Amino acid sequence: MTRHTSDFLRERSSNMSLRSLAAANASSTRLSSFVNPSEFESKHVISDAEKAFVVGDFASRDGSLTLCDSCYRDLPEHCTNSFSREQVTPTSDRSSCISCNIMSSKPEAFTEPFCKFLRENPTVFHVVGHFKDKLTSLGYKELPARDDWSGKIEAGGKYFVTRNGTSIIAFTVGKAYKPGNGVAMIAGHIDAVTARLKPVSNKPTKAGYVQLGVAPYAGGLNETWWDRDLSIGGRVIVKDESGKTSSKLVKLDWPIARIPTLAPHFGIGIMGQNNKETEAVPIIGLDNSDVASPNVKPVEPLGSPGSFTAFQPPRLVQLIARELDIKDYSQIVNWELELFDLQPATVGGMDREFIFAGRIDDKLCSWAALQGLLASETNDDDGVIKLVSLFDDEEIGSLLRQGARGNFLPSVIERTVESLCGEGKTFGPGVIGQTYARSFLVSADVTHAVNPNFASKYLEGHTPRLNVGITLAADSNGHMTTDSVSTSILTRVCELSDCTPQFFQIRNDSRSGGTVGPMLSSAMGVKAADAGMAQLSMHSIRATCGSLDPGLGVKFFKGFLDRWEKVDAEWQ
């Protein structure tokens with residue numbers, strides 16, 4: 001690791017001081033012409049280096065950071081304070097600068113940030129919390145759904161909205177936006193196949209084992225969940241001493257649950273017809289107290305009779321309370337906890353060309369889409385809204401209010417357009433219809449990479465590969481939104497963004513999956529296409545994608561957001 005030379009550090013300090021002095025002089029001159037100088041002072045122009053700092057998660061990276069002189073000097077003090085000077089390896093070669101590589105969408109720059117994201121955000125609640133933090137750090141403002149948005153949205157602004165703590169929509173308004181202009185939108189999902197704790201998760205001890213009552217979410221508890229190191233995470237509803245109720249996130253950092261297989265010596269084994277209610281029950285501890293004393297009383301539940309905690313495993317309640325620093329168990333009003341595979345995401349293969357991880361479906365496309373929005377360009381002539389919407393409940397049909405079948409996305413778009421309408425444009429069905437007619441939706445969900453062991457199961461010529469690029473997915477029965485127009489539009493985006501498109505369609509003798517695309521495009525009447533990154537082992541507790549695929553996804557989604565307006569103009 002190369003350390004800074006004293007000359008380099010003195011030069012940076014000198015330049016920082018000069019820039020600070022120049023900025024102070026300039027601001028004192030400019031502010032005199034404003035009625036309310038404090039409003040002007042609150043504006044913060046985010047440099048590409050600061051944007052790359054957030055997008056690339058530089059603050060939490062281990063080891064050295066190779067930065068060119070320009071990027072290092074452009075980082076504000078609150079960024080440089082998050083790492084030591086000894087961590088920075090200066091370079092004059094911009095091609096080796098991690099910040100420059102992030103902003104130019106070099107795929108290899110996104111491998112480690114994606115793996116870190118997977119390791120640290122095992123549940124949908126953690127994912128939304130993570131995205132909120134990133135958006136806020138780059139100047140996005142939260143719009144509470146309960147508030148009046150009148151006068152709170154402006155051209156050039158950046159915003160986000162959440163619903164239920166499990167779905168999130170983030171968007172930027174072009175500086176040249178006018179009501180009736182279109183929306184370049186990407187929609188995906190952030191829920192994943194899992195197993196959730198039942199409302200009454202306490203179970204009688206059986207043969208000395210403490211078991212946990214769980215129910216499958218989507219395809220959870222399938223054969224790939226057996227003999228895995230499982231932990232627990234999610235959100236806990238807590239009422240404090242003052243009576244105020246809030247939601248807190250929790251995740252345990254060690255495996256506490258396991259679903260043991262039956263040895264093949266018994267004649268059934270793991271691949272038999274296992275009953276998910278009786279034979280896929282996780283064990284979370286041991287209690288052999290009955291061996292020493294056959295008349296021992298069961299462990300008393302925690303909490304008063306009828307309280308939530310009285311129906312949960314007492315030792316689990318104690319663990320969750322300890323993690324959240326809760327002394328009074330009655331403060332735990334309720335929780336939504338789920339099991340997750342604790343084995344961390346990692347790169348693999350002879351040349352580290354794979355990522356092996358849990359929850360790739362669909363953290364891959366949703367993470368890449370939001371990263372593409374965060375890294376997208378901001379130009380004075382941008383006339384559209386750039387938007388990413390990430391939903392919960394896709395794996396179970398999207399029928400809940402935080403799902404894509406709800407009114408979340410059209411409601412946010414319509415309230416945004418309403419807020420942006422001024423005296424020159426009256427809000428109503430006309431401007432909303434015009435907005436949707438000028439918009440385009442990318443339904444972003446993972447698709448199936450070709451499996452070499454089952455290549456005959458794939459349609460010839462429709463076999464996506466890892467580490468190649470975005471896959472456009474089609475379905476003759478309307479399970480996907482892709483048609484000839486939308487395919488032409490996205491292949492043009494690929495051409496302008498230096499992306500390589502691939503194509504997938506299921507065989508006639510196989511069953512196609514679905515996405516959020518058809519339900520959203522039909523609800524709003526917008527042009528749409530299904531496009532996502534390919535992966536192996538979909539719906540397994542551990543899946544595989546290419547190590548370049550997160551970055552290739554960022555490159556495509558950023559390219560779509562930045563170039564949709566240009567491509568749309570070619571069709572008019």
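Visitor: Leaving aside its neighbours within four places in sequence, which residues is Ser398 in contact with?

Guide: Happy to start there. This is a predicted model. Not counting residues up to four places away in sequence, Ser398 is in contact with Asp393, Gly403, Ala404, Arg405, Gly406, Val516 and Met519. Ser398 itself sits in the loop between β15 and α12.

Visitor: Is Ser398 buried or exposed?

Guide: Ser398 is buried, because its relative accessible area of 1% falls under the 20% cut-off.

Visitor: How many bridges join β3 to β4?

Guide: Two bridges join β3 to β4 (residues 158-163), and these strands run parallel. To find the pairing in the model, look for Lys141, whose bridge partner in β4 is Tyr159.

Visitor: Which strands are joined to β6 by bridges?

Guide: β15 is one of them, joined to β6 by seven bridges and running parallel. There, Ala187 has Ser389 of β15 as its bridge partner. β16 also runs parallel to β6, and four bridges join this pair. On that side, the bridge partner of Ile186 is Val442 in β16.

Visitor: Which way do the residues of β6 point?

Guide: In a regular strand the side chains alternate between the two faces of the sheet. In β6, Val183, Met185, Ala187 and His189 point one way, while Ala184, Ile186 and Gly188 point the other way. Seven of the seven residues of β6 are buried, so this strand is largely enclosed by the rest of the structure.

Visitor: How many residues of β20 are buried, and how does β20 pair with β16 and β18?

Guide: Five of the six residues of β20 are buried, and the strand is mostly covered. With β16, β20 pairs in the parallel sense over four bridges. With β18, β20 runs antiparallel, and three bridges join the two. Asp530 of β20 is a handy landmark: Ser443 stands opposite Asp530, and Ala473 has Asp530 as its bridge partner.

Visitor: On to helix packing. At what angle do α8 and α11 pack?

Guide: They pack at about 10°, and their axes are 11 Å apart. That makes α8 roughly parallel to α11, because angles under 35 degrees count that way. Val127, Phe131, Lys134 and Leu135 of α8 make the contact with Lys363, Ser366, Trp367, Leu370, Gln371 and Leu374 of α11.

Visitor: What span does α8 reach, and what follows just after α8?

Guide: Helix α8 (residues 124-137) has 14 residues and reaches 20 Å from its first C-alpha to its last, close to the 20 Å expected at 1.5 Å a residue. Its buried residues include Val124, Phe125, His126 and His130. Just after α8, Gly139 has a positive phi of about 90°.

Visitor: Last topic, the cores. Which residues touch the most other members of the largest nonpolar core?

Guide: As a general idea, in soluble globular proteins, nonpolar side chains tend to be buried together. The largest nonpolar core here has 80 residues, and Leu490, Phe556, Phe557 and Phe560 touch the most other members. Helix α11 (residues 360-374) contributes the largest share of this core, nine residues. There is also a second, separate core of 33 residues, with Tyr159, Phe171, Ile385 and Ala528 among them.

Visitor: What is Leu490 in contact with, leaving aside its neighbours within four places in sequence?

Guide: Beyond those neighbours, Leu490 is in contact with Phe440, Val442, Leu472, Ala529, Ala531, Phe556 and Phe560.

Conventions: Residues are numbered from 1 along each chain as its sequence is written. This is a predicted model: local features need pLDDT of at least 70, side-chain atom pairs count only at pLDDT 80 or more; totals for chains, interfaces and linings use all residues. Side-chain values use heavy atoms; hydrogens and water are left out. The expected span of a helix is 1.5 Å times one less than its number of residues. Buried means under 20% relative accessible area, exposed over 50%, partly exposed in between (1.4 Å probe, protein chains only). A nonpolar core is a set of buried Ala, Val, Leu, Ile, Met, Phe, Trp, Tyr and Cys residues joined through side-chain atoms within 4.5 Å. Contact means heavy atoms within 4.5 Å. Two strands pair if DSSP finds at least two bridges between them. Axes are lines fitted to C-alpha atoms, for helices over the stretch in contact, and angles run from 0 to 180 degrees between N-to-C directions. Angles under 35 degrees count as roughly parallel, over 145 as roughly antiparallel, 65 to 115 as roughly perpendicular and the rest as oblique.
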